[in-house]
Structure formats: C-alpha cells, structure tokens
Amino acid sequence: MTTATGEPLADRLAAQLRRAGADEVRFAANLDELTVLVDNATVPVLVTGTDLVAHTAVLRHLATSPVGPTVALVLGDPPVPGRTAVREERGQVVDAGALDALDGDATGVFGGALRVGVDDLPTLAAAARAAASGLLPVAAPIGPVGDVAPFGPAGARADGGEGLAPVAAGGPGSAVDRLFAGLAALGTLIFAQRVRLLVAHRVDDAAGLAAAEAAVTAVDEDRAELRLSVKEKDDFFSTYFVSTWSPYVVRLAARLRLTPTGVTVISVLFALAAAVLFGVGGRLALVSGAVLLYLGFMLDCVDGQLARYTRHFSAWGGWLDTMADRAKEYLVYAGLGFGVSHAGLGNGWALAIAAMTLQTVRHMTDTWYGVLHDEAARRPRTAGSSGGIGDRLNAASTRVQADTGSVSYWLKRTVVFPIGERWALIAVTVALFNPLVSLIAVLVWGVLAFAYTGALRTLRARWMWVPVLDTVDATLHRDDGPLARRLPVVRPMGPLTLAVIAALGPAVLLVAALLGDAPDELRWAVPVALLVLLVGGLGAGAAHNGPLDWLVPAALRAAEYLFAIAVGVVGGAPGWLIFGYVFVLTVHHYDLTARLEKRQAAPPLHAATLGWEGRSALLALAAIAGVVGIGLATLGAYLLVVFVVSVALAWFVRPARSARASVAPAGAGGAAPR
C-alpha cells in the first residue's frame, strides 16, 4: 500500500523503526527467511508486519519497554478474521489465537509488532519454522495445575506428545500473526504493550490507511508522550495532588538534561532534610519538613516519569529507585523517632522500629503475592477449579479495578496504605500535631492495611493454589545461611508452619523484655529464643509448594527482626542502634526482592551475609557475653560494608570487566588469531 506522501507503507515503517532506535532494518520475504535472520541474531529483535500505521513513539515504546524481555503490541480494536485475539492478565499475554478459541475472553488483538528478547530468540525461530510449515504449536495442559509441557526447537513436544496442529480455518492468517500465536503457544512469557493517547492501527485497504493516517496526524506526539509519562493507574494522592503538575517538572528536567538517577538522588536529599527537621522539632521546622517531604515525594514520582518520557531505562536505575524509596521512608521514620524522644514525648525509637519492621514485612508479602498472581495468570485453569470464595473475591476485585475513578475503586487503592498516602499522612500529621501523632497514625493505618490485605490475599491464594517459591531459588529468597542448609528437614509440618513457629519465640522474648522491670535478667532466655528461631531452618530443604508458602520469606524476615530487637532490648542497647541494625537488614532484604522482580542472580557476596540464622546466632553469642551493643554495631557495620562492596561489584566492576573483555583483541592473552 502507498501512503499519502506516495511512499510504500513498508518503507515508511522501516524509517520509523530506525527513528525508534533500530540499528538495522531488514525485510524478510517469508517466514523461512525470518528464521535465518533470527538464528543469526545476538541482540533483541523487533518484528513487525507491513500493515501497521502508528506514531513513531509507539514503536519506540515497544523497543524500549522495561516490563520484560519480550513484549507485544496489543490493540483495543475489535477482533477480525486473520488477526490474533489476545487475553491478558496483569500485563501478561496469557492466551492468543483465533477469537473463537478464546471462548469470548479476549481483551484485545495483536497489533502486528513485537520485541523478542535474546533468550527467547530460539523459541521465536521454532515458532517461525512451525508457522512456515502451516502448523501452529499446541500447548496441552498436563498435571493437576495445568502445567504446560515444554517444546523442542522445532515445536515438537519434549515429552514425545503431539506439539503441532494445522492452522484452523478462521485462525490467524498473516505471517506475523501466526508467528506471534506460535510464540505464545510455546509458553513464552510475553508482556502486553497497550497504546494509550497515541495511535496504532493495522490496515487492509486504502480507505483504512487514509483513516489511520488522519488519526495519527490529529495527535500531538510530544504532548501525548508527556502525558504518558504519568502512570495510567496510580494511587489517589499521587493522581490528584502530584501528577496534576509533575509533568511540567518532567519537561523542565528533560530540558536541563537531568537523568532519572539524578532526580532520584535529589529526592533522597529532600527526604533527608525533612527527617533532620522532624528531629529538630519546633513548629516552623515541622511544617518546613512536611513541605520538603511532599516535594521529595513529587520528585520520587518525577524520576519515573522522566524515565518514561525520555525512554532512559536501565537495570541500575530501576534497582536504585527501589532501594532509594525504602531508604527515604525509613530515614523519615528515624527523624520522627528522634524527634519524639528529643521532645520528651515518649520512646520514639521504639515506634520508629515498629513502623519500619511492619512496613518491611508488608512489602515482603506484597512482592511475593505479586509473583504469585503473575504465575497464576500464566497457568491455565483446570476444569472444575472455579467457584468458591476465592473465585468470588477475584471477580469482585476485577469489577472494582475495571470501574476506574469510582468511589469503590479509590477506596480499594487507598485502604492498602500505598506510599503516596503514607507520605501525605506523615506530612499532614507532623505539620498539624507532632512526630508522636505521626508515627502512631502510620502504625495504626499500617496494621489495619496489613490485616485487610493479608486476609483477602490468603483466601485468594488458597483458591489459586500456585507454588511460587518452587519457581525460583528458594534458598536465596529465604535468605538461608550454611547452618539452615545443614539442619534436618521436617516435611510434615511444612515450611510456613515452621517459619511462623520460628517467629513466636523471639516475639515472646520481646514482649517479656518490654513488660518486665529488668530486661537484662532475661539474658538466659536468649538461647531458648534462638533455638525456637532455628525451627524455621528445619523447612529449608522441604518443597515450598503449599498454597500459602509464598508467605515464608515474610515470616522469616519477621522472625529475624523480632529476634534482633528482642536481643537489643534485653542487652540494653540504645534505640537508635537497634534501629540502625534492623535498617541494614531491611536494605539487604530489599536487594533480594528487587532482584526477584527482575529474576536476577544472587548478589556477588551473598554467602558473606551469613544467612538469617547465622546472623541471629552471632547476636545470641553477643547477648550471652554481655556485649549486645558492640555486637549490633559490629555486625551491622560488617553487613553494610558487604552490601556496599556487593553493589559495586554487581553494578560497576563486573559490567566494566565484561565490557573490556568484549572489546579485547582476538589475539590477546598470547593466543595467535586464526
């Protein structure tokens, strides 16, 4: 087809791909030729049909999407014959094929373009070979939870079963549609890239081409990209009190050539200044701190918006943003805690430690529930598995989430106490009252939110029955050390039951120490609490495939934190020192969850962190020796040094070595080039 300017649509699309960042654009006459190109590719590949009319920004967003290695363009157009219908959940393509094959569950149609990550290129080649033969891979559920049998390089079932089926009448007809359907059938994790504010259409004739070109021309691409930098679904405070004006700051930051990482650093400085003012006290200082806290949160939103606007994404930037968010929040808790104690309003450090511990354990459950939900979305439901309270809760949640902007929608998003609401509550309460009221408010709302989300997620998780820890390195994410790995395995009780029991011993010791008149007299109970804590290690070698085993990491985090706090109280350590030690532990554990989200390997020096049980055993020895303060300070400093060195190795030293190795001359090292 020829565009309004007289050039072939395929040539214009090729020029757009180059502007979107493609290093090389090649035309494949057929799927066999595409297979050869993919077999020789060593970088991510962007595949498109020649019937796509879209803004260049749509292709740039697809090429630079940070959500995952393989991403497909998904449109909201009504499905038509020859187009692949798509069903997505939580941003993942969970089914693709002819419209009738999806039983009316289609949520969109394939947009004729996809980016395929390097690790998925062999699967793409297998899908291309199958599609070129007029066949599509068929994923047949096997086992009780609908696991998909793996396929070999040519689409044949690895277990010997039939893996290919003829393309059904009315099924996807174009080459790119058959390629995408085959890639999805082979079990590839594909994320969906939706088009919002911009324009993308697949066209079949001159009339459709003219209409699509007119729609593209009618939209200001840069203005739309600026609006797209704001999250489509954010929390109430962020949506109405930050994102209404933060895009202007984003545009200014882009003109000043600030990077998202630079904005993150500035937001940390704002939060640090607010924490200092909260500690100083006085009405002027508290109000000024509240204003700085709000501005710091605005910048926290701007760094992500700037990354989306400029399309400057990096694994380092994403990791730093995650770690900085938690560091800022806990620095503010420290400022509030110091302010309470400094003003003589009570034991502020105890409240700050409680707020930090509660929030960290909550985040651990949030992270693992998200992984659970994503894994459940990728698994086909088996016959007879629907119904019951879990099904009803899932349907109710879907209805509320779909009713964007309604009262029930905002209540659901607000009651869980997200970061924007936490920042707003702290700023308002500290400005109007004092740090004591602020910390109490954070704790009360946090406990209620934890109870609400915990109850509903437990019910839904039992209904989904998806083993999540079995899909990752459970030892890494349990944070087991050498001692836990050598303990005998007690399978009948299950790892979650053992982890909960492990937390009970330290909890009882902590309550006794707080309520007693002489906490130091409970030094004899520390070894007993340690033995109870080590019960959690008896499940280290067991299968973590129960419906609630996704809670094990959070339970172990709670157990370790409670033990460290209890030892500190028994040993008479100052509150700020206990806070600092637990803060270092949370940094270590947030590093693990940040890596989980990207499915990255363990930190370089993870073995040197000793594991939750090893660290706890050292603290117990310090308590028995009567040097708890020295033990907390020494072990905390050691863990902080290990963390900093590990970060330097993971993000700077090793990548630099890899880069130097990749450009080394062929004959380096004494070997003659051949």
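The structure is a predicted model, in which local features need pLDDT of at least 70, side-chain atom pairs count only at pLDDT 80 or more, and totals for chains, interfaces and linings use all residues. Residues are numbered from 1 along each chain as its sequence is written, and side-chain values use heavy atoms, with hydrogens and water left out.

Two packed helices are described by the angle between their axes and the distance between the axes. Helices here are DSSP runs (H or I, at least four residues), numbered from the N terminus. The axes of H1 (residues 9-19) and H3 (residues 56-64) come within 9 Å and cross at roughly 50 degrees. The crossing is right-handed, meaning that the near helix is turned clockwise from the far one by less than a right angle.

Contact (heavy atoms within 4.5 Å) brings Leu13, Gln16, Leu17 and Arg19 of H1 to Thr56, Leu59 and Arg60 of H3. Gln16 lies in H1 and counts as buried, because its relative accessibility is 7%; buried means under 20% relative accessible area (1.4 Å probe, protein chains only). Beyond neighbours within four places in sequence, Gln16 touches Ala54, His55, Thr56 and Leu59.

Turning to H13 (residues 348-378), this helix has 31 residues and reaches 45 Å from its first C-alpha to its last, close to the expected 45 Å, which is 1.5 Å times one less than its number of residues. Of its 31 residues, 26 are buried, so H13 is largely enclosed by the rest of the structure.

Note on methods:
Helices (H or I, at least four residues) and strands (E, at least two) are DSSP runs, numbered from the N terminus. Buried means under 20% relative accessible area, exposed over 50%, partly exposed in between (1.4 Å probe, protein chains only). Axes are lines fitted to C-alpha atoms, for helices over the stretch in contact, and angles run from 0 to 180 degrees between N-to-C directions.
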